Amino acid sequence: MDAKAVHYVNFYASMNSDKAVMVKPAVSLQCSPKFRQERKNLQMTVSRNAVRKVGSRVELPDAGVSCSYEKFPASTLDSGSLCSTFDDNLVLKGKSEEIMSFLDGRCIYLIGMMGSGKTTVGRILADFLGYCFRDSDKIVEQSCGKSVAQLFLLYGEGYFREKESEALRTLSLMQCLVVSTGGGAVVRPINWKYMQKGITVYIDVPLEALAQRISDVGTASRPLLHNESGDAYNKALGRLSTLFEERADDYANANARVSLENIAAKMGHIDVSNLTPNIIAIEALLQIDNYLRRKEGMPL
Ligand SMILES: Nc1ncnc2c1ncn2[C@@H]1O[C@H](COP(=O)(O)OP(=O)(O)O)[C@@H](O)[C@H]1O
Ligand SMILES: O=C(O)C1=C[C@@H](OP(=O)(O)O)[C@@H](O)[C@H](O)C1
């Protein structure tokens with residue numbers, strides 16, 4: 001049977017967090033309509049290599065999914081590499097411990113469009129790295145005693161940008177922070193200067209997924225999206241597209257990039273909306289590790 005007949009494979013495996021042993025691997029698959037009749041003849045099996053512990057570090061095992069059709073021998077699906085869902089916390093812990101000494105207290109600045117998950121993912125990273133989490137929008141709000149939306153309304157965007165730069169300057173004097181920056185912080189060169197002692201990580205989320213998230217929660221707290229006409233999803237998408245065009249080159253300057261499309265492709269997902277904040281945080285740690293290794297001339 002042609003592997004392309006298989007739409008996607010859901011692979012689930014979990015790890016016993018004490019013994020770092022993967023248990024209960026399971027698999028299910030979705031076929032294209034043309035092959036649904038044949039589904040009963042299709043056998044899926046999951047094989048796994050042992051989890052390796054090197055010191056305190058847990059190495060992800062490879063998992064193989066093979067597919068046999070009626071009496072034909074099993075062959076490994078060629079529909080892309082599959083990455084299993086392990087105990088995320090264990091992986092986050094292992095990877096954080098691994099990069100901690102390389103990081104040496106340097107701050108991590110998360111950059112990316114509004115709604116890209118900088119706050120959500122940032123809190124997870126801070127937790128596992130033993131860092132403090134800071135949100136530059138919140139610092140501005142506390143120092144001015146007004147919400148971001150009020151500041152835009154009362155004094156305009158320029159005033160907010162000044163306050164945002166002040167917040168980043170203050171943060172640049174500190175160590176061991178994960179900072180969620182405002183989506184537009186990247187457009188001012190001075191802000192890059194403030195972030196340069198740390199590591200900048202761009203969370204790259206397709207605009208359609210951003211528009212979906214933002215229209216789900218509403219645009220009241222995001223003044224740059226608030227005045228468009230049309231339905232919530234389309235107005236968010238239109239405005240995000242314009243802003244992204246203006247900012248894409250700035251985001252590309254980040255030290256590391258976390259692309260949700262790349263993660264989804266690695267995991268065999270079709271849709272980035274299936275990616276949990278933990279999975280994205282794991283990818284962020286991997287990309288930070290790669291950046292630090294490249295910088296030190298170490299093998300990846
Ligand atoms: N991986 C994810 N999948 C689905 N929704 C998410 C994900 N990450 C964040 N969200 C949701 O998207 C919205 C924006 O996330 P947030 O972390 O505040 O983004 P940012 O700080 O970049 O503006 C929130 O409602 C949050 O719960
Ligand atoms: O993209 C932007 O220009 C903005 C993003 C917002 O922060 P989040 O990215 O945290 O939503 C906030 O700073 C302000 O509304 C402007």
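**Figure 1. Overview of the chain.** Of the 300 residues of the chain, 31% count as buried, a residue being buried if 20 or more other C-beta atoms, placed from the backbone, lie within 10 Å of its own, exposed if 12 or fewer do, and partly exposed in between. The model is predicted: local features need pLDDT of at least 70 and side-chain atom pairs count only at pLDDT 80 or more, whereas totals for chains, interfaces and linings use all residues. Residues are numbered from 1 along each chain as its sequence is written, with chains lettered from A and ligands numbered from 1 in the order in which they are written. The chain holds 10 helices and 12 strands, taken as DSSP runs (helices H or I, at least four residues; strands E, at least two) and numbered from the N terminus. Among contacts between residues at least 6 apart in sequence, 69% join residues at least 24 apart; a contact requires C-beta atoms, placed from the backbone, within 7 Å.

**Figure 2. The open sheet of 5 strands.** The strand order is β9-β10-β8-β11-β12, with parallel pairing; two strands pair if DSSP finds at least two bridges between them. Strands β9 (132-135) and β12 (256-259) form the edges, each pairing on one side only. From one strand to the next, the twist averages 20°. Helix α3 (residues 136-144) packs on the sheet, where it touches β9 and β10 (177-180), and its direction makes about 65° with that of β9. Such angles run from 0 to 180 degrees between N-to-C directions, with axes fitted to C-alpha atoms, for helices over the stretch in contact. Strand β11 (residues 199-204) runs parallel to β12 and is joined to it by 4 bridges. Aspartate 204 has serine 259 of β12 as its bridge partner.

**Figure 3. Helix α10 and the largest nonpolar core.** Helix α10 (residues 277-296) lies across β8 (108-111), β11 and β12, and runs at about 150° to β12. The largest nonpolar core comprises 54 residues, and those with the most contacts inside it are Ile108, Leu110, Leu125, Val178, Val201, Ala281 and Ala284. α10 gives the most to this core, with 7 residues. A core of this kind is a set of buried Ala, Val, Leu, Ile, Met, Phe, Trp, Tyr and Cys residues joined through C-beta atoms within 7 Å. Beyond its neighbours within four places in sequence, valine 201 contacts residues including Ile108, Leu110, Ala256, Val258, Ala284 and Ile288.

Figure 4. Of the 15 residues around ligand 1, Gly117, Lys118, Thr119, Thr120 and Arg213 come nearest; a residue is near a molecule if its C-beta atom, placed from the backbone, lies within 6 Å of it. α2 (118-129), α7 (207-217) and α10 each supply at least two residues of the shell, and the largest share, 3 residues, comes from α2.

**Figure 5. The surroundings of ligand 2.** Met114, Lys118, Asp137, Val148, Gly182, Gly183, Gly184, Arg222, Pro223 and Leu224 surround ligand 2.

**Figure 6. Two loop residues with positive phi.** Most residues other than glycine have a negative phi. Aspartate 104, in the loop between α1 (88-103) and β8, has a positive phi near 55°. Aspartate 104 counts as exposed because it has 10 C-beta neighbours inside 10 Å. Cysteine 176, in the loop between α5 (157-171) and β10, likewise has a positive phi, near 55°. With 15 other C-beta atoms within 10 Å, cysteine 176 is partly exposed.

Notes. Contact = placed C-beta atoms within 7 Å.
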